[in-house]
Every structure is written in structure tokens, then in C-alpha cells.
Amino acid sequence: MTDPMNKIPPFDGFGLGLRRTHYDDFLNNDVPVDFVEIISENYMIEGGRQMRILEEVRAKHPVIIHGVSMSIGSAGGLDQDYLAKLKQLEQRIDPLWVSDHLCWTRTSAHNSHDLLPLPLTQEALGVVCDNIDNAQDALGRPMLFENPSSYLTFPEDELTEWEFLTEMTRRTGCYLLLDVNNIYVSSRNHGFSADDYLGGLPLDRVRQIHLAGHDPATAERSLIIDTHDREVCDEVWALYVKALAMLPSPVATMIERDDKIPPLLELLKELDRARGLASATREQVSA
């Protein structure tokens with residue numbers, strides 16, 4: 001377990017994912033964000049133009065490192081070469097924090113490049129916690145882990161997802177990246193209450209929120225698909241406000257867009273909406 005004295009303090013800010021489409025905007029202009037988040041696997045390299053751009057952006061803004069293939073649920077343990085490269089990036093960038101997903105992505109011979117679901121069992125919880133301890137020891141710092149969007153459940157499930165996350169943070173000292181869109185998507189796909197999900201989490205362990213858009217259900221398809229390719233919908237904004245009202249301290253909020261990426265000004269407008277909702281919620285809570 002990571003040293004409990006090695007804590008991640010709350011960070012009150014609003015940011016965007018750094019995507020190639022907006023490199024020039026960040027290099028040539030003063031973009032009104034409090035941080036940027038990068039996909040760690042895109043920068044686990046020795047050097048080159050992409051790393052030089054990241055270092056220039058890092059000189060202007062704090063950076064969060066967010067991974068998609070640590071595969072924290074892999075029964076065979078973590079890829080030590082991956083951890084070494086991630087550690088090298090972490091030391092080079094000195095991020096606010098390092099995060100990944102509660103999922104698995106690979107076997108010993110194959111990387112799926114998909115965030116695959118875990119059975120919510122005591123056995124899987126033990127595997128996840130062992131892997132988190134390994135990752136945090138390798139990095140020398142606590143990590144954040146994101147709740148996934150999901151499209152199926154397992155008959156072996158013994159815990160709700162929020163119970164799983166709660167015990168995971170207790171055992172390992174890790175923190176949570178709360179993806180509000182993923183809560184909404186999964187709640188609609190599986191029929192549980194998003195309010196129950198929020199109420200069951202250790203909200204004092206949340207340090208960041210993701211907001212994104214999704215592909216709604218259709219006549220041909222009953223599932224909502226987490227796509228990150230459109231604006232945040234009104235229902236997710238409403239859930240964001242509920243989460244803010246329940247959190248004991250401010251957190252970092254990010255608009256996440258990974259496909260059909262619009263001009264930067266459009267994302268900044270969404271980010272301004274998040275700022276406004278956060279400000280109004282704080283005023284209501286403190287009144």
C-alpha cells in the first residue's frame with residue numbers, strides 16, 4: 001500500500017484534454033484553462049516533436065497523465081516495461097497526478113485497446129488491489145482510477161460497482177476520477193440509480209471529474225454508448241451538479257472529447273458552463 005502520508009490534495013480547476021487538433025492553440029495562445037490532461041500512452045516515448053510540444057505546454061499549464069492501458073484488472077499482473085515507461089514520463093512531466101481506468105485491456109499475449117469490464121467479485125477486487133499497490137509503489141505516488149462505462153454485467157457479481165470502488169480505495173489508498181457521463185451511461189444500461197451510485201462512493205477520495213458526451217439509445221439499439229464525440233447532454237450536466245453538491249471539497253473538472261473534435265472555442269464554452277454550474281452550486285450549498 002502507498003504511504004498514507006503521500007496524499008493528493010484537492011485541486012480546484014477546470015481543464016481540457018490536450019489533443020493534436022489543438023496543439024497550435026496551446027502553443028501560440030493563452031488558453032484559459034487551469035490544467036490539461038494527456039493520454040499517457042501517446043507520450044511514453046524518448047523524445048521527438050510530440051514530446052517537445054508537451055514540454056512547451058507543460059511550461060504554461062499543469063498536466064494530468066491519464067492512461068488507457070495499464071490494465072489494472074489483469075490477472076497476470078502488470079506489464080513492468082509499461083510501468084517503467086510510465087515512470088519515466090511521470091518524472092519528466094511532474095504531473096498533478098497519474099490516473100487510469102478500472103478495467104482490463106490485455107492478456108500476456110494480446111492488448112485489446114478496449115476498456116474491458118471486470119466481474120465485481122471479491123476475487124477480482126483482490127487482483128485489482130494487488131495491481132494498484134504494484135503501480136503506486138512503482139510510481140512512488142498514489143493514483144486515481146476512473147469508473148468505467150459498461151454494457152454488460154456478470155452473473156458472478158457480488159458487489160455493486162460503487163461498493164467495489166469504495167473497498168478498492170480503502171485497501172490501496174488510491175483516489176477516484178469520477179466520470180459523471182460513465183455513471184449516467186451505466187445506470188441507464190443496467191437500470192440502477194445514479195443517485196445511489198454517488199451516495200455509495202467515498203466522495204472524499206474524488207479528485208477529478210470527467211464530463212463527456214455519448215451516443216444515445218436508438219430504436220435498433222437499447223444501449224447507450226460512451227463515445228466522447230459530442231457535447232455533454234442535459235442529463236449529465238444535472239448529475240454533475242448533484243455530484244458537486246455532495247463532494248466535501250472542490251475537484252478538478254475536465255471536458256473530454258476524443259472524436260469529432262470541434263474548434264477549441266466550442267470546448268471552452270462547455271468548460272465555461274461547468275465553471276458556472278460549479279460556482280452556482282457552491283453558493284447554494286454555502287447559503
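Predicted model: local features only at pLDDT ≥ 70, side-chain atom pairs only at ≥ 80, totals over all residues.
Residues are numbered from 1 along each chain as its sequence is written, and side-chain values use heavy atoms, with hydrogens and water left out.

Thr121 sits in the loop joining β6 (111-116) and α4 (122-139); helices (H or I, at least four residues) and strands (E, at least two) are DSSP runs, numbered from the N terminus. Thr121 counts as buried because its relative accessibility is 8% (buried means under 20% relative accessible area, with a 1.4 Å probe and protein chains only). Its side chain also reaches the backbone nitrogen of Ala124 at 3.0 Å.

Leu18 counts as buried because its relative accessibility is 3%. Beyond its neighbours within four places in sequence, Leu18 is in contact with residues including Tyr23, Phe26, Glu37 and Leu54. The C-alpha atoms of Leu18 and Glu37 are separated by 5.8 Å, although the two residues are 19 apart along the chain.

Strand β4 (residues 98-101) is covered on both faces, with Val98 and Asp100 buried on one side and Ser99 and His101 on the other. β4 pairs in the parallel sense with β7 (residues 144-146) over 3 bridges (strands pair if DSSP finds at least two bridges between them). Within this pairing, Leu144 of β7 is the bridge partner of Ser99.

Terms used: Buried < 20%, exposed > 50% of the residue type's maximum accessible area, 1.4 Å probe, protein only. Contact = heavy atoms within 4.5 Å. Polar contact = N/O pair within 3.5 Å; in protein donor to acceptor, adjacent residues only side chain to side chain.
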